[in-house]
Amino acid sequence: MKGADIRIVPGLISIFIALMLWFVIPVPYGVTANAWHLLALFVGTVVAIIGKAMPIGALAILAITLVAVTGVTNDTPSGAIKDALSGFSNSLIWLIGIAIVISRGLAKTGLGNRIGYYFISLFGKKTVGIGYALAISELVIAPVTPSNTARGGGIIHPIMKSIAASFGSSPEQGTSRKIGHYLALVNYHINPITSAMFITATAPNPLIVKLISDATGANISITWGTWALAALLPGLVCIALVPLVVYAIYPPEIKSTPDASQYAKSKLIEMGPMSYGEKVMVAVFTLLLVLWAGVPAMLFGAEYVVNTTAVAFLGLSVLLVTGVLSWDDVLKEKSAWDTVVWFSALVMMATFLNKLGLVQWFSMVVETNIAHLGFGWVVSVVILVGIYFYVHYFFASTTAHITAMFAAFYAAGLALGAPPLYLGLLLAGASSLMMSLTHYATGTSPIIFGSGYVSMEDWWIMGFIMSVVNLAVWGIIGGLWWKVLGYW
């Protein structure tokens, strides 16, 4: 491992905090010693992730090792290692890992670029139209792109930059405000919304499903179709608003862009007809969406339900058999294997914190403090979600934030009387929408911010404005939509 992969100061801080929790701070009344010691390991891991002490996969290996050798979950060595590795048996983790491998085909075949240029060719005659083209492109590929960073930063952002450059808008020339400033903000603020719309649109979403299921004793098991239907209306409303809100706050200097449509068309001509690989990718995406949405079960009965993770494996198998992806492609998709490792570790630790009663204890602390204010569940949930959301100013990872706080805040909301599915869907949406806040909120943000089109001041101002808009839409329009659907 290169020395550059290790940051000494954040590492020492995380170790110090873990040791303080383990040896110095007394175990609170109502909490077992094992639960408190696991919390020490968990908090140390999360602090190390936030401080980027090591790559997250390496931190996950350390966490698994510490859980196994300390025996905080099991008194026997064989039981401890079995518990430490239990996260790898979670099917939702493999769903995300396999879906990341499948999304590699977007870049390999060029289908991602084709989708982006196609929508720009349709809507690109006005600057705001280009904004909507970028938004629709994100939406189309989101269900099968579990890495929001790869989607927003790796696929859509290069297209956005090429469009801006074609109009002579670049940070180097001091001409960002022509069009690039506007498009970069739209490019970014669509990303958290599409991430909130599908279980498979960003890696931590399956963790949320698991945490909700655990907290409700498996009484609420959110399927891919349930999540997608619930997020459909609030997501589309937010997507419709983003280009307009950004336009109102930071209007571009160039408002009419007839050349953009022509530029996109020329790119499509340059790409030529759809290749064999692209056609197979379209067929696989269609197959995945049909099966994930449960269409066979709706048409032919419950016995035709196919497990969501099995569907992902089916899609990957088709791509391997048809030669669109090779086994080398699968092996080279480091982000997929990295995600499987760190996700397994965090899910394992979160699961045992719940089993050992720590989450319930902490949720009671949160619930008691909010209950003392004397509000009903509606106002209490607003306070709860608001705290959960805006604490993300202190996080550089949605995964770390969700792992650290979701379960306790969800349990506290349930104790305050909130309808379980309503609260779960609202917190699930907030878990992605909070990416809008800062230039370090998720992996996509440093890529787009780093391109230089938007100043930090403008980024933070726009982030706060969009956070208010998105939360209001998800809470009010989403809540009414879920009521119509009978979810609460």
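**Exercise 1. Charges over rings**

In this predicted model, the charged end of lysine 355 sits over the ring of phenylalanine 352, 4.9 Å from the ring centre. Identify the lysine that lies over the face of tryptophan 488 and give its distance from the ring centre.

*Solution.* The residue is lysine 483, which lies over the face of tryptophan 488 at 4.4 Å from the ring centre.

**Exercise 2. The ring partners of tryptophan 488**

Classify the aromatic pairs that tryptophan 488 forms with tryptophan 377 and with tyrosine 422, and locate the partners in the chain.

*Solution.* 

Step 1. The structure contains 22 aromatic pairs. In one of them, tryptophan 377 and tryptophan 488 have their centres 6.0 Å apart and their planes at 85°. Planes over 60 degrees apart count as edge-to-face, so this pair is edge-to-face.

Step 2. Tryptophan 377 belongs to helix 19 (residues 377–390), whereas tryptophan 488 is in the segment after helix 23; the pair therefore ties together parts that are 111 residues apart in sequence.

Step 3. For tyrosine 422 and tryptophan 488, the centres are 5.1 Å apart and the planes are at 50°, so the pair is tilted. This pair also links distant parts of the chain, since tyrosine 422 is in helix 21 and the two residues are 66 residues apart.

Step 4. Tryptophan 377, at 26% relative accessibility, is partly exposed, and so is tryptophan 488, at 31%. Tyrosine 422 has a relative accessible area of 9% and is buried.

**Exercise 3. The largest cavity**

State the volume of the largest cavity and describe its lining by class.

*Solution.* 

Step 1. The volume of the largest cavity is about 60 Å³.

Step 2. Its lining residues include Trp227, Leu425, Trp474 and Trp482. Helix 11 (224–249), helix 21 (420–433) and helix 23 (456–484) are the elements that give two or more residues to this lining.

Step 3. By class, the lining has 8 nonpolar residues, 1 polar residue and no charged residues.

**Exercise 4. The largest pocket**

Which helix gives the most residues to the lining of the largest pocket, and what is the class composition of that lining?

*Solution.* 

Step 1. The largest pocket has a volume of about 830 Å³. It is lined by 26 residues, of which Ile56, Thr149, Asp338, Trp342 and Gly443 are the closest to its centre.

Step 2. Helix 17 gives the most to the lining, with 4 residues.

Step 3. The lining comprises 13 nonpolar, 11 polar and 2 charged residues.

Notes
Residues numbered from 1 in each chain as written. Predicted model: local features only at pLDDT ≥ 70, side-chain atom pairs only at ≥ 80, totals over all residues. Heavy atoms only, no water. 1 Å grid on protein atoms, 1.4 Å probe; cavity = no way out; pocket = protein on both sides within 12 Å on 5 of 7 lines; lining within 4 Å. Points joined across faces, edges and corners; volume = space filled by probe spheres on them. Nonpolar A, V, L, I, M, F, W, Y, C, P; charged D, E, K, R; others polar. Phe/Tyr/Trp six-rings, centres within 6.5 Å; stacked < 30°, edge-to-face > 60°. Buried < 20%, exposed > 50% of the residue type's maximum accessible area, 1.4 Å probe, protein only. Lys NZ or Arg CZ within 6 Å of the ring centre and 35° of its normal.
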